[in-house]
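Here is my note on the model, written as numbered points. Please keep the structure open while you read.

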Amino acid sequence: MHDKALTSSTAGGIDASDYAELLANLDLAVAVNDTCGRIYAINDAFADLFGYSVQEAPHVNIRQMVPADYGDDLEHHWAALDSGEARSMSGGRKLIHKDGSTRWVRVHASAARRQDRTLVLTVVEDWTDHKWSDPGFMASTDPADSGN
């Protein structure tokens, strides 16, 4: 594993508020959560996709959005991010909307390990209308296959 860094020009530096605005304006659903399932922030696209308002998000645990039959898979992936075995992963899965309906999504997660927790930037693509037409939709999310 090697250190990765997002590079930026020193001439026109960017700060945390710039990153926050860029993520807020993205048309893909974005959440910042930890590997315990706590949500720290979501953008409007995430709120729209899953039915939770930006104000409700801090009171929702990611586990509430994961079907029971996917729970072990989630725990396996979070453990890999926590341990450093994986720094990112992607794959297809179903998640549950606030109203109980199913959303088929591609999830991309990137981890930032800290002393007291592992933060996860989660980017979600809605594939509900496309999942059956793409044979690669349910591609493996096993950390060994993530290229990290």
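**Notes on the predicted model**

1. His 77 counts as buried, because its relative accessibility is 5%. Buried means under 20% relative accessible area, exposed means over 50%, and partly exposed lies in between (1.4 Å probe, protein chains only). His 77 sits in helix H3, residues 71-83. A polar atom of the His 77 side chain lies 2.6 Å from the backbone oxygen of Asp 73. A polar contact is a pair of N or O atoms within 3.5 Å; within protein, one must be able to donate a hydrogen and the other to accept it, and residues adjacent in sequence count only if both atoms are side-chain atoms.

2. A word on the basis. This is a predicted model: local features need pLDDT of at least 70, side-chain atom pairs count only at pLDDT 80 or more, and totals for chains, interfaces and linings use all residues. Residues are numbered from 1 along each chain as its sequence is written, and side-chain values use heavy atoms, leaving out hydrogens and water.

3. Now the overall plan. The protein chain has 3 helices and 5 strands. Their order along the sequence is α-β-β-α-α-β-β-β. Helices (H or I, at least four residues) and strands (E, at least two) are DSSP runs, numbered from the N terminus. Of the 148 residues, 36% count as buried.

4. Which residues have the most contacts inside the largest nonpolar core? They are Ile 42, Phe 46, Phe 50, Leu 81, Val 105 and Val 124, in a core of 29 residues. At least two core residues come from each of S1 (29-34), S2 (39-42), H2 (44-50), H3, S3 (88-96), S4 (102-113) and S5 (118-126). S4 gives the largest share, 5 residues. A nonpolar core is a set of buried Ala, Val, Leu, Ile, Met, Phe, Trp, Tyr and Cys residues joined through side-chain atoms within 4.5 Å. In soluble globular proteins, nonpolar side chains tend to be buried together.

5. Look at Ile 96 in strand S3. Ile 96 and Met 65 are 31 residues apart in sequence, yet their C-alpha atoms are 4.6 Å apart. Not counting residues up to four places away in sequence, Ile 96 touches Phe 50, Gln 64, Met 65, Pro 67, Ser 101 and Thr 102. Contact means heavy atoms within 4.5 Å.

6. The whole structure holds 4 salt bridges. A salt bridge is a side-chain nitrogen of Lys or Arg within 4 Å of a carboxyl oxygen of Asp or Glu. One of them joins Asp 73 and Arg 93, with the closest N and O atoms 2.8 Å apart. Asp 73 is in helix H3 and Arg 93 in strand S3, 20 residues apart. Asp 73 is partly exposed, because its relative accessible area is 29%. Arg 93 has 11%, so Arg 93 is buried.

7. Another salt bridge links the side chains of Glu 56 and Lys 98 (2.6 Å, N to O). Glu 56 is in the loop between H2 and H3, and Lys 98 in the loop between S3 and S4, 42 residues apart. Glu 56, at 27% relative accessibility, counts as partly exposed. Lys 98 is partly exposed too, with 44%.

8. Finally, the outside. Leu 22 belongs to helix H1, residues 16-25. Is Leu 22 buried or exposed? Leu 22 counts as exposed, because its relative accessibility is 58%.
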